[in-house]
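I opened my notebook for a friendly walk through this model. My entries follow below.

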Amino acid sequence: MAGYRKLGRPTDHRKAMLRNLVTSFLKNDKIETTEARAKETKRLAEKMITLAKRGDLHSRRQVLAFVQEKEVVEKLFTSIAPKYTERNGGYTRIYKVGPRRGDASEVVILELV
């Protein structure tokens, strides 16, 4: 079994979509998306926050390799990560909103705790 969801996309499209979702999530502190996408985004966003908690140059470069905007990386290292210094994981929360009107897929809100 793979350790991730394929989300019905080719590899390059899936990676680009998840990078965009994580960047938007860290920028706005909250996003609304489908449940499967939110679970994958949660996994990657928590890895980015854990890297930012280390705070060294190597972790900053690792985050910059994934997150697309320098302003978001700066926000992650200066305001988001320091809030979670005492917390070991579980930085995000998923709320179920209900089925989407067009295709009835489960819509959720992913937010920082």
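**Entry 1: the largest pocket**

I started with the lining of the largest pocket, to which helix 1 and helix 2 each supply at least two residues. The model is predicted, so I kept in mind that local features need pLDDT of at least 70 and side-chain atom pairs count only at pLDDT 80 or more, while totals for chains, interfaces and linings use all residues. Residues are numbered from 1 along each chain as its sequence is written, and side-chain values use heavy atoms, with hydrogens and water left out.

My helices (H or I, at least four residues) and strands (E, at least two) are DSSP runs, numbered from the N terminus. Helix 1 gives the most to the pocket lining, with 4 residues. I listed Tyr4, Arg14, Lys15, Leu18, Arg19, Glu40, Arg43, Leu44 and Phe66 as the lining. They divide into 4 nonpolar, no polar and 5 charged; here Ala, Val, Leu, Ile, Met, Phe, Trp, Tyr, Cys and Pro count as nonpolar, Asp, Glu, Lys and Arg as charged, and the others, Gly among them, as polar. The space in this pocket comes to about 160 Å³. A pocket is an open set of points on a 1 Å grid over the protein atoms alone, where a 1.4 Å probe fits, with protein on both sides within 12 Å along at least five of seven lines; lining residues have an atom within 4 Å of a point.

**Entry 2: helix 1 with helix 2**

Next I looked up how helix 1 (residues 11-28) packs on helix 2 (residues 35-54): the angle is about 65 degrees and the axes are 9 Å apart. That makes helix 1 roughly perpendicular to helix 2, a word used for 65 to 115 degrees, with under 35 roughly parallel, over 145 roughly antiparallel and the rest oblique. Axes are lines fitted to C-alpha atoms over the stretch in contact, and angles run from 0 to 180 degrees between N-to-C directions.

I noted that Met17, Leu18, Leu21, Val22, Phe25 and Leu26 in helix 1 meet Arg37, Glu40, Thr41, Leu44, Ala45, Met48 and Ile49 in helix 2, where contact means heavy atoms within 4.5 Å. This contact has 10 nonpolar, 1 polar and 2 charged residues.

**Entry 3: helix 4 and its partners**

I then turned to helix 2 and helix 4, which pack at about 95 degrees with axes 9 Å apart. That makes helix 2 roughly perpendicular to helix 4. On the helix 2 side I found Met48, Ile49, Leu51, Ala52 and Lys53, which meet Leu76, Phe77, Ile80 and Ala81 in helix 4. The tally is 8 nonpolar, no polar and 1 charged.

Helix 3 (residues 57-66) packs against helix 4 (residues 70-83) at about 140 degrees, with axes 10 Å apart. That makes helix 3 oblique to helix 4. I wrote down Ser59, Arg60, Val63 and Leu64 in helix 3, meeting Lys70, Val73, Glu74, Leu76 and Phe77 in helix 4. By class, I have 5 nonpolar, 1 polar and 3 charged residues there.

**Entry 4: isoleucine 109**

Last, I checked isoleucine 109, which lies in strand 3 (residues 106-112). Leaving out residues up to four places away in sequence, isoleucine 109 touches Lys30, Ile31, Glu32, Arg93, Ile94, Tyr95 and Val97.

Conventions: Grid points are joined across faces, edges and corners, and a volume is the space filled by probe spheres set on the points.
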